[in-house]
Amino acid sequence: GANVVSASYYVLAVRYEMKKSKLSDFTLVYYNNFVTVSLLAPTLLFSGLPTETPLFYVPLSLKYISLWLINGICGFLITLSSFWVIRHTSATTYSMLGALSKVPLSILGWFIFPKPMTFFTISMVSLGLLAAVAYSWQKHAKISTPSPMRNMKNRSDADLTALEADAFKGGERSKSFAVV
């Protein structure tokens, strides 16, 4: 329950701030990572972990540096794509993508780890895939049906005022424009 509420609040708050601040996705990724590091660094330092484990001793090999570089690039791209999805789709689509990202990992886990597949695990992954198909079908049906408001959604008030003025020429209502 609390996870759903906090995730929904996060998506809606980020979307609101994105619209209010008009920052690019790259700038949002930078600020997101900066805030994350500033919140996690004190936790790491005050937990006593660096003194108990040789966390900061790193053998500098080409393999180790390349893995960290790939990890950083993947993290950047995941954050960038998350902000893109939040900006261009709905919070429901963002949540659905988050849920669906677990399905390929579950399938990959069956091949990597020697745990037998049970009826329960197969049915849960199948339910996740079925939910994805149902959601995609519903979104496609919604997009396929014509709506007079869909064309108005991304227009400014000045554009709408000009359309209304063109629609009411000479005090008579034009049949090509319906005021909703």
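The model is predicted, so local features need pLDDT of at least 70 and side-chain atom pairs count only at pLDDT 80 or more, whereas totals for chains, interfaces and linings use all residues. Residues are numbered from 1 along each chain as its sequence is written, and side-chain values use heavy atoms, with hydrogens and water left out. The chain has eight helices and zero strands, where helices (H or I, at least four residues) and strands (E, at least two) are DSSP runs numbered from the N terminus. Of its 180 residues, 13% count as buried; the classes are buried (under 20% relative accessible area), exposed (over 50%) and partly exposed (in between), with a 1.4 Å probe and protein chains only.

**Fold and helix packing**

- Along the sequence, the pattern of elements reads α-α-α-α-α-α-α-α.
- Two packed helices are described by the angle between their axes and the distance between the axes.
- Helix α2 (residues 25–46) packs against helix α4 (residues 62–88) at an angle of about 120°, and their axes are 9 Å apart.
- Axes are lines fitted to C-alpha atoms, for helices over the stretch in contact, and angles run from 0 to 180 degrees between N-to-C directions.
- The helices α2 and α4 are therefore oblique to each other; angles under 35 degrees count as roughly parallel, over 145 as roughly antiparallel, 65 to 115 as roughly perpendicular, and the rest as oblique.
- The crossing of α2 and α4 is right-handed, a term used if the near helix is turned clockwise from the far one by less than a right angle, with anticlockwise giving left-handed.

**Salt bridges**

- The structure holds two salt bridges, each defined as a side-chain nitrogen of Lys or Arg within 4 Å of a carboxyl oxygen of Asp or Glu.
- One of them joins D25 and R87, with the closest N and O atoms 2.9 Å apart.
- Because D25 lies in helix α2 and R87 in helix α4, this pair ties together parts that are 62 residues apart in sequence.
- D25 is buried at 14% relative accessibility, while R87 is partly exposed at 29%.
- E17 forms a salt bridge with K20, and their closest N and O atoms are 3.7 Å apart.
- E17 and K20 are three residues apart in helix α1 (residues 2–21), so about one helical turn separates them.
- E17 is partly exposed at 37% relative accessibility, and K20 is exposed at 53%.

**Nonpolar surface patch**

- L105, I107, L108, F111, I112, F113 and L129 form a nonpolar patch on the surface, with about 750 Å² of accessible area together.
- Patches are made of residues with over 30% relative accessible area and no salt bridge, like charges being joined within 9 Å and nonpolar side chains (Val, Leu, Ile, Met, Phe, Trp, Tyr) within 5 Å.
- Accessible areas come from the Shrake-Rupley method with a 1.4 Å probe, and for residues only the protein chains shown count as cover.
- Helix α6 (residues 102–112) gives the most to the patch, with five residues.
- L105 has its place in helix α6 and is exposed, with 57% relative accessibility.

**Loop residues**

- Most residues other than glycine have a negative phi.
- K22 has a positive phi of about 55° although it is not a glycine.
- K22 is found in the loop between α1 and α2, and this residue is exposed at 69% relative accessibility.
- S101 is in the loop between α5 (91–100) and α6, and S101 is partly exposed at 36% relative accessibility.
- From C-alpha to C-alpha, S101 and G128 are 10.0 Å apart in space, while 27 residues apart in sequence.
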